[in-house]
Amino acid sequence: MGEAPHFWIEDRCVDAPRPLRAVVIGAGISGILASIRLPQRVPGLSLQIYEKNPDVGGTWFENRYPGCACDIPAHTYQATFEPNHEWSQFYASAQEIHRYWKKVVAKYNCMRHIKLNHKIASAAWNEAGGKWEVQVQNLETGETFTDVCDVLVSATGALNDWKWPQIPGLRDFKGKLLHSAKWDETFDWTGKRLAVIGNGSSGIQIVPAVLAKSTHIDHYIRGRTWLAPTFAREKVDQMGKGLDNFSFSAEDISRFKTDPDFYEKFRKDIELELQSVHAVTIKGSPEQLGAVEIFTENMKRRLAGKPLLADTLLPSFPPVCRRLTPGPGYLEALTDPKVDVITNGIREVVSDGIITTDGEHRPVDAIICATGFDTTFCPRFPITGKGGVDLADKWKQVPSTYLSLATDEFPNYFISLGPNSALGTGNLLLLIEKAIDYITLCLAKMQRDNIRSMAPRPDAVKGFVEYCDAYFQTTVFSLDCRSWYKGGTSDGRVSALWPGSSLHAMRVLTHPRWEDFVYEYVNDNPCGWLGNGWTLEEKEKRVRVDYLNKDQIDFPPVPTTAETEAETT
Ligand code: N01
């Protein structure tokens, strides 16, 4: 007698989808897209999305600081399948973006999958059961319960964990203390002296927005930064009288709504421009070297009111090393007599203001910290994978992933906007859509192939980490500038960005390389995917032969006589 067979016939049809339950953490843009795409493409999926906030929208719900807007053109910052014909501004405000995503949620009835005011306390992989056990806290009742699921998707966003800056005495300040990401909307800065700390993308939006009503602004900038010329400048100018201070006129919006060709052309022209600048990220490229000249000229022109400021602001590091923003109105605001740009370091905060390292004391009524987020990718709740390995420990030195989407030792765990997923140039929303698409493909494979668990192979993770490190050496991101791309350091590892262009990411994520994963099968049966020799249609007595429909046959091209003759001569 030979060995006993290592497989057996499963009681399932070959095309019966394996029942799956997925939990998604967060209902920002990633979570909303997951709530649409996962049920669309994964048959019979049981899906639950938990959102800690009382509303959907993530970043665009939470960030309410004055001037908060998207510094990427609105027509390229929307879902591909849900073009908005009503954007009122070239750079849409946070409120308008939030309204857009609320509309998407209503249209696709996403709320049937979303529970608001629910926060994840912990998640642990149960190896024996092949399930995630997720502790969820209902923030309204305080009750905690366990949700058991096959697949866990983290859609918490990379820029969500805001933090106070490490400045001595900050808590001793007796005036109003604010953080850009935790804005107090009752705060009225009319007639107040303000300190704005930080010149990242948030500080750059806040300064011009608070200028008019305040009496004075001390703008503390620790490092220099490049400001980009406006994206699609020609397009903006072509809107002629329509684009006043980046707002579309009623006529423009009416044309967007009634003239589909005009809308499509506008949208694609801007997308094309956004997707055509990757070369500027490469060290020493003509585009990178040219950018220095173009950006310098542009910044000097905008700083004409206080020309000496150019010496204070123009960086020695190359453009794009830190995140680039056009910052409409920012440089112009710095030239206002009401604004002082202070480059001396902050020594301490005292009860009525700020003292810099040169000993100067500047009293203010309010301090606005536009000082950013914790971008170390350390998970905000305990999450343990195979053998109890803790993700926070695993990622302490290097947040290692496979394509930013998953990591070894964490089966059935997927991430949208994980480490090495952000973009220095290009279209981030497209990339989020692609990441969600990739996750749907993985879930569909698990259903089809009767897979209990899948995780990237350790060597695939190692390979991606090494690829990232080698790739970034060719780019300006690895040069000497302090940036959240490098976890807030000047010389650290580039842990936030995708290693390539936005179009490169699209191509990579379109076709999963299934050989880069390890699999375990339901019942440990490696042939379970073959089922019991039946299809569902046969079992349910509803056999169809639609495969003979003309639209389902892949007719091969027939060579023309000329082509045939050319081949034979
Ligand atoms: O944060 P940041 P952010 N003392 O980390 C300074 C996205 N976003 O909130 O450069 C003094 O970029 C710090 O100084 P330095 C976007 O991806 C998008 O502005 O480290 N200063 C820096 O100037 C963006 O990149 C939009 O020397 C201190 C600033 O604070 C990301 O969010 C709009 C300090 C922090 O800059 C983060 O931007 C806004 C200290 N102790 C944001 N600590 C869109 O429009 C920190 N700083 C899409």
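Buried means under 20% relative accessible area, exposed means over 50%, and partly exposed lies in between, with a 1.4 Å probe and protein chains only. I write this down before looking at any residue.

**Entry 1: ground rules.** I am working with a predicted model, in which local features need pLDDT of at least 70 and side-chain atom pairs count only at pLDDT 80 or more, while totals for chains, interfaces and linings use all residues. Residues are numbered from 1 along each chain as its sequence is written, and side-chain values use heavy atoms, with hydrogens and water left out.

**Entry 2: two buried residues.** I looked up Pro 419 and found it in the loop between β17 (413–415) and α12. Helices (H or I, at least four residues) and strands (E, at least two) are DSSP runs, numbered from the N terminus. Pro 419 has 1% relative accessibility, so it counts as buried.

Next I took Ile 204, which sits in helix α4. Ile 204 is buried too, because its relative accessible area is 1%.

**Entry 3: the cores.** A nonpolar core is a set of buried Ala, Val, Leu, Ile, Met, Phe, Trp, Tyr and Cys residues joined through side-chain atoms within 4.5 Å. The largest one here has 142 residues, and Trp 101, Trp 132 and Leu 443 have the most contacts inside it. Helix α12 (residues 428–448) gives the most to this core, namely ten residues. The core lies between domain 1 (6–54 + 116–161 + 376–523) and domain 2 (162–225 + 322–372), because both give residues to it. The domain bounds come from an automatic or database domain assignment. Apart from this core I found another, of twelve residues, including Phe 173 and Ile 354.

**Entry 4: the ligand.** Which residues are closest to the ligand? Of the 25 that surround it, the closest are Asp 71, Ser 202, Arg 322, Arg 482 and Trp 484; to be counted, a residue needs a heavy atom within 4 Å. Helix α4 (residues 201–211) gives the most to this shell, with three residues. Domain 1 and domain 2 each supply at least three residues to the shell.

I then listed distances to oxygen atoms of the ligand. A polar side-chain atom of Ser 202 is at 2.7 Å, and one of Arg 482 is at 2.8 Å. For Ala 69, a backbone N or O atom is at 2.9 Å.

Methods
Polar contact = N/O pair within 3.5 Å; in protein donor to acceptor, adjacent residues only side chain to side chain.
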